[in-house]
Amino acid sequence: MPFVALKLSEFTSTYHRSGAMPTVVLMDSSLSMTRPVSQEGSEEFQRKNLAVHGLTMLFEHMATNYKLEFTSLVAFSSLWELMVPFTRDYNTLQEALSNLEDYDKTCLESALHGVSNIVQQEWGSTCPCQVVLVTDGALGIGRGSLRHSLHTLKQRVEDKKFPLPFPFPAKMFIMCIANVEELQSTDAMDNLEQLIGLNGGEGQIFTMEGPLCLKSVQSMFGKLIDQAYTPFYAVLHCGNLASDVQVFPRPEPVLVDEEVDPIPKAVQTDLEIVGFIEIADISSPPVLSRHLVLPIAVNKEVDEVGAGTTEDAEEEPSANQMAGKSPNFCVLLHGSLKVEGMVALVQLGPEWYGMLYSQADSKKKSNLMMSLFEPGPEPLPWLGKISQLGPISDAAENPYGEDDSKSPFPLQPKNKRSYAQNVTVWIKANGLQTDVQKILRNARKLPEKTQTFYKELNRLRKAALAFGFWELLKGVAELLERECTLLPDSAHPDAAFQLSHAAQQLKLASTGDSQYSAFNHNITPLHTDFSGGGAGDRM
Amino acid sequence: IMMFSVSHKTAFVVDHCPYMAESSRQMVECDMLTKSRGQGVIPLAPVSKSLWTCAVECSMEYCRILYDVYPTRKLVHYIVSDSEFHSLNSWRQEDQSTQELMAALASVGPPNPREDPECCSVLHGLVAAVESLCAITQYQHEARRTLMDVADRVANRGRIICLTNAKSDTHVRMLEDCVSETIQEQNKLAAGSDRLMPIQRCELVLVHIYPQGDDTLVSDRSRKELSSVLSSEVHSVRAGRHLASKLNILVQQHFDLASTTITNIPMKSFLCVSVTLKEEQHANTSANYDVELLHHRDAHLEFIKSGDLHMAGSTSRDSGLKETVTLKWCTPRTNNVELHYCTGAYRISPVDVNSRPSSCLTNFLLNGRSVLLEQPRKSGSKVISHMLSSHGGEIFLHVLNSTRSTLEDPPSISEGCGGRVTDYRITDFGEFMRENRLTPFSEGVLDASGRTSSERAKAQLERHTRYWPMIISQTTIFNMQAVVPLANLIVKESLSEEDVLTCQKTVFNLVDMERKNDPLPISTVGSRGKGPKRDEQYRIMWNELETLVKAHVGSSERHQRVLECISACRSKPPEEEERKKRGRKREDKEDKAEKNGKDADEKAWPDSERLKGPQEREKEEQTESEMIKDSPDSPEPLNKKPRLMSEEIQPPQKSKGPVSLLTMWTNRITATSRKHEVFAGRLNSVNNKAELYQHLKEDNGMDLHENGKATR
């Protein structure tokens, strides 16, 4: 089921990010779970035993294929308890599972509050999570029952809200140790469906088919594994160089909400490198998610290597050793990306890109990572459209310079932003005062400051004309005339000429006479016969 | 349908009637310096802005913030209304800049107080605004064109912001009714037109501006639905700073903006030159170095979701209408190029763009520095939550991931597949990456085969990796400086004559090295003792070089010539030596081989060859080279014969059969490249035949053959 994303603008978008997906297993430990299941012959099972069997299967699968995933175990009845905090140690999880005790009645709401708190404390509110609720579908009675919770949904005050939807993106998988008929004979199925609905439709209800037995619980958890815990395998290509990889965590399909019916975009299984970019040029781009790219030995290759020897299963460790010793493109790529301080731009699908880079953790362990950009032809404004990025050999001259002293990035936008172009804003009085003072200060240093004086004068003139603030033009003209009368005897004669010229020009502009009040017209310094210090300064 | 929300089109209608020329009665003292100049100087009387000036500068500020945060796709149409409407720009993207609007406003000038008030009305502008909302923007046009059959799903919505001075609430009703009626009329018109779109949603925002000191004649009213299409709200605001803060709030509401205040900016040490401080002292302003920025509100998403907004230091300002999140400046590390885990980047606009602290901060960022921002927490712990950084003259607020990573503590890459190999060609691949760096090309540039720039980049990667051994011990030629010129050129899509010449020179240089018996950087990995003998080393080198060049032979005829050069010049393979011995006994065996080899030879490396992996090709190489060399059309045997025999009797010219390829080359090169310094090895090979391949005389032939099995 795709995660929903909203396209808010060309660049600033919100996505429910896919990525690492910690799992919370929420195990129903109420008394009803101890109900025996009818079984011909053999030993008698409780529903709880079936649940434990299913979860064991899930944990085993994850220990093999999802070693890096974090999982926690929460048991609940009328109370809830964090049995195992988030861990990668599946033995601990398994052990806690086998030692679960039986408690009283089911109260899902408080348990879901617990899940919400545990996840937020550990991962914050942006990290997507999966919640695997294992229950027999007997959802409690009276206050605290799911039925009661759902009935009172609309009567909640702010701080007693129902925990769904979670503040973080979450998928809710409900594993029922019961079959559909049983659930439908009460309102359990309806209530569970409503629960998924409250989670924004993100999730699924699994039920058991046929008699409640080990086989059917296996098949049900098998479906969960297929749905949510299949590893993502891909081939990383760089021209003819390639490596089989596992991308972890599994990249989830992303939905971009645009005009027409959106189709979820999935990362394709062939990841193609387009080219390379310096880290300084790609410059901490925003990403949807980060993934480890782990090189894997595909069985057929191992077979080739081990061909002619035994086909014994015990061959595996030596096969792994072989894999470690045979050169792998990922390791080469990682090493060079790290040394050169570069990233590889990688295509994930049609108009969808990401980057590969070396990431080191605090323990100096280093890894090949892949970050996914927002889908679209131009994920980063400072790179431009990816389809327009080509090899440097196509350029007339190397855009990086012969000595790597230059870079074609970042791309400059067509228009400068306001903070980069010395705009005039007089909303606050001191904005206007500062601009007037600048002119007066330069006026007193004429003719040395002729250039700056007229530059500031023209800036003020333009703004005053645009704002229809003719009164200001007259006022500044008066100020300049007064400055003229206050000039000391030692002043350069040019100063007086320039001041009265500037004052006169401002006054003319303030009449609105099109000859003098044109926006693009600039007041130029008066040409005088004085060859003073100002001469070299003139425009 | 999100793409064209109400904020896609904003029509500003600014009243330009005579009454707007009235003073706002907000006085601005602009003669500040005079105070300090002692008596005798009469200070200039304060100036006051007109209602028009207030309206215009506040609307410009609205546009400035809008264009800073959304340089594209959010469009403004600016209309001025007096006795008629004046359209100052259009929906076109090129018209969307404050400079354009300022120039247009200057040409309109302030309202003429002497104009007949009876003829003037803001209604002309409102009608024009409705008409304008029906006009299709280039973005809507493109969306309609791409959607074709479902073009009607492209939305048309917009907002009208009207800055006026209304007479009364009744006057306001009249303006609303007028807009409502005009929408109905225009929508009928638009329904029958291909060039217009009916308005599906219109938000009317009426801002009544009145002078300071007056009582307002118009009452505030929150948003109300006037029809299924039109909603309207009324803001009654005093001119001056009240109007400014009202429009600031509106631009935030209209475009989903939020405010962040950067605090603890170390102005003295980092940002500003001493001049600033002097000015600050002159201006006698308080040393408040906080800078407030606006940006898309999603930059605060994590705070909002976690309910941490208050903890993040949000403060209410301007009578509680506006909220800002305070983030603390962290002293930047020096030019540290690193990739932060960033989950969003949002363009910013400073609220007070010209204030000293603002411009110091923005200039600091525009100069290429980044600033990490810290979220103050009650506990006193530090959490770096954001980063300010500029890219190409635009400043972005990056959201950094500050929660625990789910990818922590992964196994190191050295623990996985290929992790125990120690002689990767890291430096060479680094060089490869530099050669395959990307650069932007102009829009719509396709090459002769219709490939986009990025497709060409991929094609180049394909060519450059046709033969690329990953580890040092797997290659000889890439460990040899002498091969570099050829290796760099052969991967090119096309070669010039000069390139071919350079490649040939490389080959001749190798021939010379072999003649001088120079050692080769052959790996001794996997072989016993000292590794292969010298002439075996050369055989391995030549084979590898051929593999490289064969991978590109399909690119052009010139690539083919490079291969021919190698085949002609390379040292004699052992099977040739063997054949020579056997040949003394049985000449007729050659004839058979001739027949077999002829077909294969004429095909000359079909395209399918390129698709084979290097290893595969190498396996085939032995057989292939045998066939070719045994063929009479092939240059090799003919070439070899004279050379071998030269020691004994015959000069090459006297050999039977066609002229050898080497001879042809020699002739051509001497003819075409007299300017070039003649390659010593070649000179020697012609004039001093005895010295070339002198070692062949020795009894090494047998060894060569034996070692030949253990190529790799």
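Me: Where in chain A of this predicted model does Thr23(A) lie, and why is Thr23(A) called buried?

Reply: In the predicted model, Thr23(A) belongs to strand β3 of chain A, which covers residues 23-28. Its relative accessibility is 0%, and since buried means under 20% relative accessible area, Thr23(A) counts as buried.

Me: Which residues does Thr23(A) touch, once those up to four places away in sequence are not counted?

Reply: With heavy atoms within 4.5 Å taken as a contact, Thr23(A) touches Met62(A), Phe70(A), Thr71(A), Ser72(A), Phe86(A), Gln130(A), Val132(A) and Tyr229(A).

Me: What makes Leu333(A) count as buried or exposed, and which residues does Leu333(A) touch?

Reply: Leu333(A) sits in helix α11 of chain A, residues 329-340, and its relative accessibility of 0% is to be set against the limit of under 20% for buried, so Leu333(A) is counted as buried. Not counting residues up to four places away in sequence, Leu333(A) touches Leu236(A), Ile273(A), Phe276(A), Leu356(A) and Leu368(A), and also Phe429(B) and Met433(B). As for distance along the chain, Tyr357(A) is 24 residues apart from Leu333(A), and their C-alpha atoms are separated by 8.7 Å.

Me: Why do Ser283(A) and Asn517(B) receive the labels they do for accessibility?

Reply: Ser283(A), in the loop between α8 (279-282) and β15 (289-295) of chain A, has 17% relative accessibility and so counts as buried, the limit being under 20%. Asn517(B), in the loop between α14 (497-515) and α15 (534-550) of chain B, has 41% relative accessibility; because exposed requires over 50% and partly exposed lies in between, Asn517(B) counts as partly exposed. As to backbone, Ser283(A) has a positive phi of about 55° although it is not a glycine, and Asn517(B), not a glycine either, has a positive phi of about 65°.

Me: Which peptide bonds to Pro165(A) and Pro249(A) are cis, and what is omega in each case?

Reply: The bond that joins Leu164(A) and Pro165(A) is cis, with omega about -5°, and Pro165(A) is found in the loop between α4 (146-151) and β9 (170-179) of chain A. The bond that joins Phe248(A) and Pro249(A) is cis as well, with omega about -10°, and Pro249(A) lies in the loop between β12 (241-248) and β13 (254-257) of chain A.

Me: What makes a set of residues a nonpolar core, and which residues have the most contacts inside the largest one?

Reply: The term requires buried residues of the nonpolar kinds, joined through side-chain atoms within 4.5 Å. The largest such core has 102 residues, and those with the most contacts inside it are Phe453(A), Leu472(A), Leu480(A), Tyr78(B) and Leu388(B); its largest share, 13 residues, comes from α1(B). A second, separate core of 66 residues includes Leu73(A), Phe221(A), Leu294(A) and Leu380(A). In soluble globular proteins, nonpolar side chains tend to be buried together.

Key
Residues are numbered from 1 along each chain as its sequence is written. Chains are lettered from A and ligands numbered from 1 in the order in which they are written. This is a predicted model: local features need pLDDT of at least 70, side-chain atom pairs count only at pLDDT 80 or more; totals for chains, interfaces and linings use all residues. Side-chain values use heavy atoms; hydrogens and water are left out. Helices (H or I, at least four residues) and strands (E, at least two) are DSSP runs, numbered from the N terminus. Buried means under 20% relative accessible area, exposed over 50%, partly exposed in between (1.4 Å probe, protein chains only).
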